[in-house]
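Walk through this model from its overall make-up to its single residues. The account below follows the chain, its helix faces and its surface.

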Amino acid sequence: MAPLLPPAPERRHRHPGPLRVPDRTALAGVLFVLRTGAAWQDLPAETVGVPA
């Protein structure tokens, strides 16, 4: 699946915004929400590893 993902954009120097979540962690979060039907706000950060 990695070849299908776009390259990570470069971070801006001024106003860089939040740090990017690793692709594997983001995919785990998406699959968790799809599998359980939970809302994004209910995503367990300690299970999936997504920073709050």
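Arg20 is partly exposed, at 47% relative accessibility; here buried means under 20% relative accessible area, exposed over 50%, and partly exposed in between, with a 1.4 Å probe and protein chains only. Arg20 forms a salt bridge with Asp23, with 2.9 Å between the closest N and O atoms. A salt bridge is a side-chain nitrogen of Lys or Arg within 4 Å of a carboxyl oxygen of Asp or Glu. Asp23 is likewise partly exposed, with a relative accessible area of 37%. The structure holds one salt bridge.

This is a predicted model, in which local features need pLDDT of at least 70 and side-chain atom pairs count only at pLDDT 80 or more, while totals for chains, interfaces and linings use all residues. Residues are numbered from 1 along each chain as its sequence is written, and side-chain values use heavy atoms, with hydrogens and water left out.

The protein chain has two helices and zero strands, taken as DSSP runs numbered from the N terminus (helices H or I, at least four residues; strands E, at least two). Of its 52 residues, 13% are buried. Its accessible surface is about 4800 Å², and carbon and sulfur atoms account for 62% of that; areas come from the Shrake-Rupley method with a 1.4 Å probe, and for residues only the protein chains shown count as cover.

The helix α1 has 14 residues and reaches 20 Å from its first C-alpha to its last, close to the 20 Å expected at 1.5 Å a residue. That expected span is 1.5 Å times one less than the number of residues. Which residues of α1 are buried? They are Thr25, Gly29, Phe32 and Val33. Seen down the axis of α1, these buried residues fall within an arc of 95°, so they line one face of the helix; the arc is that of the directions from the helix axis to the C-beta atoms. The face turned away from this buried side carries the exposed residues Arg24, Leu34 and Arg35. After α1 comes Gly37, with a positive phi near 80°.

Trp40 sits in the loop between α1 and α2 (45–48) and is exposed, with a relative accessible area of 52%. Together with Met1, Leu4, Leu27, Val30, Leu31 and Leu34, Trp40 makes a nonpolar surface patch of about 790 Å². Patches are made of residues with over 30% relative accessible area and no salt bridge, with like charges joined within 9 Å and nonpolar side chains (Val, Leu, Ile, Met, Phe, Trp, Tyr) within 5 Å.
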